[in-house]
Amino acid sequence: MHDEPAQATAPDAPPAHVGRWRDALAAASAGVSDIDSKRTCGRLTRAAGLVLEAVGLRLPVGSDCLIELPTGQHSHGGPRTAEAEVVGFGADRLYLMPQSDVAGLVPGARVYPLEPSPLPNGIIGAGAPREQGSKRLPVGDGLLGRVLDAAGRPLDGLGPITAASEVPLAGTQINPLTRAPIETVLDTGVRAINGMLTVGRGQRMGLFAGSGVGKSVLLGMMARYTNADVIVVGLIGERGREVKEFIENILGEEGRKRSVVVAAPADTSPLLRMQGAAYATRLAEYFRDKGQHVLLIMDSLTRYAMAQREIALAIGEPPATKGYPPSVFAKLPTLVERTGNGPEGGGSITAFYTVLTEGDDQQDPIADSARAILDGHIVLSRSLAEAGHYPAIDVEASISRAMTALIDAPQFASVRRFKQLMSRYQRNRDLISVGAYVPGSDPELDLAIRMYPRMEAFLQQDIHERAGYDASIAQLHDLFERTHHG
């Protein structure tokens with residue numbers, strides 16, 4: 001009978017399996033406590049125009065999301081999704097803009113944050129995981145000779161890209177006091193530019209042109225003939241046919257070997273068009289930071305501004321000048337100021353931005369804004385193009401603001417004399433053409449009439465002809481010496 005109390009107290013020591021359960025439960029509880037309490041899935045509540053609205057997620061502007069589409073599946077068996085980016089928010093709603101087709105989208109579709117990942121598909125290289133909201137794209141010497149889209153994926157069918165590293169899309173600002181001055185002439189291989197509109201390393205120039213006046217041909221000449229280590233070409237918002245034509249026919253095999261082409265055609269989303277311009281600029285910055293001299297060609301700055309206008313108007317920003325919201329005019333200098341010279345002794349980015357002048361209107365708001373933030377502008381004239389004058393550069397309307405610091409006094413005198421005679425001829429062109437001018441009435445105009453054919457020939461150049469800087473200046477001086485002796 002005395003043994004019964006001892007038997008009653010034995011169950012106080014739990015069996016071994018109960019202890020294991022308790023340890024497993026404690027571990028699970030600790031794991032649950034470490035899980036982020038924020039919801040990892042939201043849902044769509046509205047789709048209007050280009051913008052989608054989602055609730056249930058808290059993500060920073062610039063973050064990527066995946067929207068689940070109800071129809072079809074990927075080849076790997078998962079649900080079909082579309083990628084989108086957070087472009088704004090209001091109260092508890094996120095404003096998303098898709099980067100691809102969202103056909104079949106339904107109300108309440110689930111939205112997931114896109115997990116940070118290494119390099120995009122098709123890219124081989126070492127990439128560090130990125131933080132949410134900070135885009136990182138591939139850069140490296142392995143990109144030379146390749147054609148990429150705005151997300152860094154290859155478009156040329158030449159296999160994966162070997163990238164050295166992955167860098168944030170947003171570059172770092174340069175202290176303006178540490179920038180090297182523009183003091184070295186850049187040989188563009190185009191006689192009219194070398195002689196009359198001399199460009200320096202690190203200068204940002206605008207190419208102002210309407211449609212069909214030889215803009216792409218002139219860009220191709222500069223890409224092939226300019227003395228630069230690396231060429232970065234950004235084809236932003238152009239027709240898809242023009243992308244292939246520019247790469248194969250205008251850029252050519254020689255130019256392509258030292259080039260990286262970023263293409264974001266007109267049929268891509270406005271987000272990708274803006275990202276393409278930023279990516280081309282970031283690639284140029286990468287090569288500049290390595291000490292190389294880079295030529296950045298962006299066609300066009302106007303399409304970049306139009307993409308930003310589409311986004312801003314879609315999320316409710318009020319229009320200001322001719323339908324362009326204020327954010328457009330804030331984005332332009334942010335993009336352009338990333339180019340130029342680096343610190344003393346480093347590399348440089350010489351940039352040419354094309355600006356479309358709709359209806360040949362030089363007072364277009366984007367053209368006017370670009371003219372204010374660039375270091376000069378080259379105007380292509382439709383009347384010259386229609387007359388068979390190529391390249392159709394209007395030297396009277398064009399200017400290089402860094403030119404006076406780059407050229408010597410004899411060249412400056414020749415350029416000034418050239419413009420004086422050209423202007424005198426153009427002002428009296430109608431009188432001359434109808435025979436109303438009497439030779440001998442104005443000695444200066446007589447000289448301009450006699451010189452005009454030679455000046456016109458100096459400004460013209462065949463697409464396959466390269467005119468070096470020294471040869472261009474020699475021809476310019478010879479033009480007036482022959483006149484004085486003649």
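Helix H4 (residues 215-225) and helix H5 (residues 240-257) cross at roughly 15°, and their axes come within 8 Å. Axes here are lines fitted to C-alpha atoms, for helices over the stretch in contact, with angles running from 0 to 180 degrees between N-to-C directions. That angle makes H4 roughly parallel to H5 (under 35 degrees is roughly parallel, over 145 roughly antiparallel, 65 to 115 roughly perpendicular, the rest oblique). H4 contributes Ser 216, Val 217, Leu 219, Gly 220, Ala 223 and Arg 224 to the contact, and H5 contributes Phe 246, Asn 249, Ile 250, Leu 251 and Glu 254 (contact means heavy atoms within 4.5 Å). By class, the residues of the contact of H4 with H5 are 6 nonpolar, 3 polar and 2 charged. Ala, Val, Leu, Ile, Met, Phe, Trp, Tyr, Cys and Pro count as nonpolar, Asp, Glu, Lys and Arg as charged, and the others, Gly among them, as polar.

The model is predicted: local features need pLDDT of at least 70, side-chain atom pairs count only at pLDDT 80 or more, and totals for chains, interfaces and linings use all residues. Residues are numbered from 1 along each chain as its sequence is written, and side-chain values use heavy atoms, with hydrogens and water left out.

The protein has 14 helices and 21 strands, which are DSSP runs numbered from the N terminus (helices H or I, at least four residues; strands E, at least two). Of its 486 residues, 48% are buried (buried is under 20% relative accessible area, exposed over 50%, partly exposed in between; 1.4 Å probe, protein chains only). Among contacts with a separation of 6 or more, 72% join residues 24 or more positions apart.

Helix H7 (residues 301-314) packs against helix H6 (residues 270-289) at about 140°, with the axes 8 Å apart. H6 is therefore oblique to H7. The crossing of H6 and H7 is left-handed. On H6, Pro 270, Leu 271, Arg 273, Met 274 and Ala 277 make the contact; they meet Tyr 304, Ala 307, Gln 308, Glu 310 and Ile 311 of H7. The contact of H6 with H7 comprises 7 nonpolar, 1 polar and 2 charged residues.

H7 also packs against helix H8 (residues 326-336), at an angle of about 140° and with the axes 9 Å apart. H7 and H8 are therefore oblique to each other. H7 passes H8 in a right-handed crossing. From H7, the contact takes in Leu 301, Tyr 304, Ala 305, Gln 308, Arg 309 and Ala 312; from H8, Ser 327, Val 328, Lys 331, Leu 332 and Leu 335. The contact of H7 with H8 has 7 nonpolar, 2 polar and 2 charged residues.

The structure holds 4 aromatic pairs. Rings of Phe, Tyr and Trp (its six-membered ring) pair if their centres lie within 6.5 Å; planes under 30 degrees apart are stacked, over 60 edge-to-face, the rest tilted. Tyr 286 and Phe 287 form an edge-to-face pair, because their planes stand at 75°, with ring centres 5.2 Å apart. Tyr 286 is buried at 18% relative accessible area, and Phe 287 is buried at 0%. Phe 418 and Phe 458 make a tilted pair, 5.9 Å centre to centre and 55° between the planes. Phe 418 lies in helix H11 (residues 409-427) and Phe 458 in helix H13 (residues 443-459), so this pair ties together parts 40 residues apart in sequence. Phe 418 is buried, with a relative accessible area of 0%; Phe 458 is buried at 4%.

Definitions and conventions
A crossing is left-handed if the near helix is turned anticlockwise from the far one by less than a right angle, and right-handed if clockwise.
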